[in-house]
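Subject: Structure handover

Hi,

Here is the structure I promised to send over. My notes on what turned up follow below it.

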Amino acid sequence: MSLPITAFYASLLALCYLYLSFSVIGVRKSARIGVGDGGNSDLARAIRVHGNFSEYVPITLILLACLESLGPQQWVLHLGACALLFGRVFHAYGLRHHEGKSWQRLVGMLLTFISMLFLAATNLYMIHYII
């Protein structure tokens, strides 16, 4: 079985993850902090951005792969995956560059939750009504 759409978005998200990882490493290096955040607010925020990304992306990619294996129309997969990709990029930007609330964080979380809900619901629909 081939999952080219999942592979495409997983690859883009992996590049985002690497960027966030290197951001943490860069702040660690400049602040000379090897473990934890050392009370450095910039490092704490970079760690949280990285952690938040790693909390939401894996389960949503699993939902995408499961759905792709069920054979829906491709636009359905792209819709869910684009919402995830843009949601995570907006959220990471908002969390990294703003103190407290920001429209980027709000939009990012909404897109992420919409992606998860859409993919989960579509999986359930496909399993129940199509297969």
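Contact here means heavy atoms within 4.5 Å. This is a predicted model, so local features need pLDDT of at least 70, side-chain atom pairs count only at pLDDT 80 or more, and totals for chains, interfaces and linings use all residues. Residues are numbered from 1 along each chain as its sequence is written, and side-chain values use heavy atoms, with hydrogens and water left out.

**Cores**

Start with leucine 64. Not counting residues up to four places away in sequence, leucine 64 touches Thr6, Tyr9, Leu77, Ala81 and Leu119. Leu64 also belongs to the largest nonpolar core, which has 20 residues. Along with Tyr9, Leu13 and Leu67, Leu64 touches the most other members. H1, H2, H3 and H4 each supply at least two residues of this core. Another core, of five residues, lies apart from it, and its members include Val24, Val27, Leu43 and Ala46.

A nonpolar core is a set of buried Ala, Val, Leu, Ile, Met, Phe, Trp, Tyr and Cys residues joined through side-chain atoms within 4.5 Å. Buried means under 20% relative accessible area, exposed over 50%, and partly exposed in between (1.4 Å probe, protein chains only). Helices are DSSP runs (H or I, at least four residues), numbered from the N terminus.

**Aromatic pairs**

The whole structure holds five aromatic pairs. Rings of Phe, Tyr and Trp (its six-membered ring) pair if their centres lie within 6.5 Å; planes under 30 degrees apart count as stacked, over 60 as edge-to-face and the rest as tilted.

Take tyrosine 17 and phenylalanine 53. Their ring centres are 5.9 Å apart and their planes are at 35 degrees, so the pair is tilted. Tyrosine 17 lies in H1 (residues 4-31) and phenylalanine 53 in H2 (residues 41-70), so the pair ties together parts 36 residues apart in sequence. Tyrosine 17 is partly exposed at 31%. Phenylalanine 53 is buried at 4%.

Phenylalanine 90 and tryptophan 103 form another tilted pair, 5.7 Å centre to centre with 55 degrees between the planes. Phenylalanine 90 is in H3 (residues 74-97) and tryptophan 103 in H4 (residues 103-130), so this pair ties together parts 13 residues apart in sequence. Phenylalanine 90 is partly exposed at 29%. Tryptophan 103 is exposed at 54%.

H2 has 30 residues and reaches 44 Å from first C-alpha to last. That is close to the 44 Å expected at 1.5 Å a residue (1.5 Å times one less than the number of residues). At its start, a side-chain oxygen of asparagine 40 reaches to within 2.9 Å of the backbone nitrogen of aspartate 42. Glycine 71 follows H2, with a positive phi near 80 degrees.

Which side chain does asparagine 52 join through a polar contact? That of arginine 88, at 2.5 Å. A polar contact is a pair of N or O atoms within 3.5 Å; within protein, one must be able to donate a hydrogen and the other to accept it, and residues adjacent in sequence count only if both atoms are side-chain atoms. Asparagine 52 sits in H2 and is buried at 10%. Glutamate 55, also placed in H2, is partly exposed at 45%. Its side chain makes a 2.7 Å polar contact with that of arginine 48.

Histidine 91 is in H3 and is buried at 4%. Leaving aside neighbours within four places in sequence, histidine 91 is in contact with Asn52, Gln104, Arg105, Gly108 and Met109.

Best wishes
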